[in-house]
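Dear colleague,

My notes on it follow directly after.

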Amino acid sequence: MALSDDIALYALGRWMHETRPNRIDSLCLNHIQAKSTCTACSDVCPAEVNVHTDHIAWASCTGCNACITACPTSALNESRSSFEAVTSALDNGNGYTVFACDLHDGPCDVKRPCLGTLPWDLLAGVAVSQKLVMKLQHCNSCPHAELVGQTKELVRTLKAFLGPELFAERVTMTTPAESTEQAGQRKRRAFEQVAHVVQTEASSILDDLDRDAPTMSCYRAFLLDALEKADPQPQVTWKTLEEDGGCRACGACVAMCPHHALSLELPDDPHANDAPQAKLVHDASRCTQCGMCYISCPEETIGGWGRLRATATEARVEFPLDVSYCVKCGKPFKPTSTETRCTSCSRFRYL
């Protein structure tokens with residue numbers, strides 16, 4: 001038997017039944033810093049799985065995905081088979097995708113234990129691509145008040161991001177009328193989606209061994225891809241970082257940001273007469289508001305969130321920095337008077 005056949009059989013046995021989420025360790029707060037332990041994912045797990053630990057005992061996982069939406073850095077993603085089932089459902093040819101919870105007994109494209117545990121950027125990406133149908137009727141009789149509240153917050157987040165007009169155009173609770181033949185095609189696609197998942201997993205097992213660590217969740221990548229493919233690109237509302245003007249360009253926030261949403265733009269020759277002004281740049285399209293930037297800022301000059309109405313390719317906010325450059329090492333610093341050297345070089349000025 002060929003190696004590809006072995007891989008296909010392995011994928012069939014593993015991903016056909018896998019329901020546990022996957023964690024991107026490079027995005028997890030507990031792998032970025034060791035000062036305080038983040039237990040947000042474990043705190044919401046109904047099966048009491050310690051998701052925040054290095055060695056996760058997934059045997060008790062029910063696949064509810066509550067930990068996914070609780071993670072502040074989007075380090076947790078649902079199983080690849082579940083995500084592929086969502087993306088393949090977009091190709092149903094109807095121009096809409098139906099999401100429903102387990103209480104819904106009618107036809108749907110994607111079913112989850114609760115719609116409130118779906119990431120908002122996943123649903124936003126669907127709404128940008130086509131009409132999004134959310135079956136929320138059962139929320140009125142749901143015994144879990146915390147899940148109902150989470151679902152309502154999800155809807156509010158979608159409306160704030162898309163804007164009232166696009167939300168009203170693309171998000172609904174009513175499924176468009178379809179014929180009996182279309183309903184039968186929808187059922188047949190369910191098996192086709194599973195077969196597609198197996199094929200995808202079989203071809204990607206070896207590729208994953210050499211793949212670099214992702215810098216964003218699959219949901220944010222899906223949303224950005226949908227926004228960039230839309231013609232014309234819609235204006236959406238991004239949450240943007242705020243800076244009070246005291247930044248000294250130390251780069252601590254840039255180094256700590258797990259999503260590479262922050263960057264410093266410094267001139268090549270800072271002492272040249274025509275040198276451009278230094279800037280701190282925030283790419284709001286990559287940001288999850290995890291807070292690592294303002295926690296790590298030694299000057300406490302950044303924090304708080306504004307709003308920017310822009311496309312995905314325009315979601316950049318630039319903060320001009322009023323800094324000087326050390327005459328010895330060339331690094332930027334914030335002088336307190338007529339200093340010409342940074343703090344580090346001033347300590348050894350006589351050497």
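In helix H6, the buried residues are Asp121, Leu122, Leu123, Ala124, Gly125, Val126, Ala127 and Val128. Please note that this is a predicted model. Since 8 of the 10 residues of H6 are buried, this helix is largely enclosed by the rest of the structure.

One partner of H6 (residues 120–129) is helix H10 (residues 218–229): the two pack at an angle of about 20 degrees, and their axes lie 8 Å apart. With angles under 35 degrees counted as roughly parallel, H6 and H10 are therefore roughly parallel to each other. Their crossing is left-handed. On the H6 side, the contact is formed by Trp120, Asp121, Leu122, Ala124, Gly125, Val126, Val128 and Ser129; H10 contributes Tyr219, Arg220, Phe222, Leu223, Ala226 and Leu227. Sorted by class, the contact of H6 with H10 comprises 10 nonpolar, 2 polar and 2 charged residues.

Turning to H10 itself, Tyr219, Arg220, Phe222, Leu223, Leu224, Ala226 and Leu227 are buried. The cover over the buried residues of H10 includes H6, helix H4 (66–70), helix H5 (80–89) and helix H7 (145–162), as well as strand E2 (76–77) and strand E7 (236–243).

I also compared the length of H10 with expectation. At 1.5 Å a residue, its 12 residues should span 16 Å, and the end C-alpha atoms of H10 are 16 Å apart, which agrees.

With kind regards

Definitions and conventions: Residues are numbered from 1 along each chain as its sequence is written. This is a predicted model: local features need pLDDT of at least 70, side-chain atom pairs count only at pLDDT 80 or more; totals for chains, interfaces and linings use all residues. Side-chain values use heavy atoms; hydrogens and water are left out. Axes are lines fitted to C-alpha atoms, for helices over the stretch in contact, and angles run from 0 to 180 degrees between N-to-C directions. Helices (H or I, at least four residues) and strands (E, at least two) are DSSP runs, numbered from the N terminus. Angles under 35 degrees count as roughly parallel, over 145 as roughly antiparallel, 65 to 115 as roughly perpendicular and the rest as oblique. A crossing is left-handed if the near helix is turned anticlockwise from the far one by less than a right angle, and right-handed if clockwise. Contact means heavy atoms within 4.5 Å. Ala, Val, Leu, Ile, Met, Phe, Trp, Tyr, Cys and Pro count as nonpolar, Asp, Glu, Lys and Arg as charged, and the others, Gly among them, as polar. The expected span of a helix is 1.5 Å times one less than its number of residues. Buried means under 20% relative accessible area, exposed over 50%, partly exposed in between (1.4 Å probe, protein chains only).
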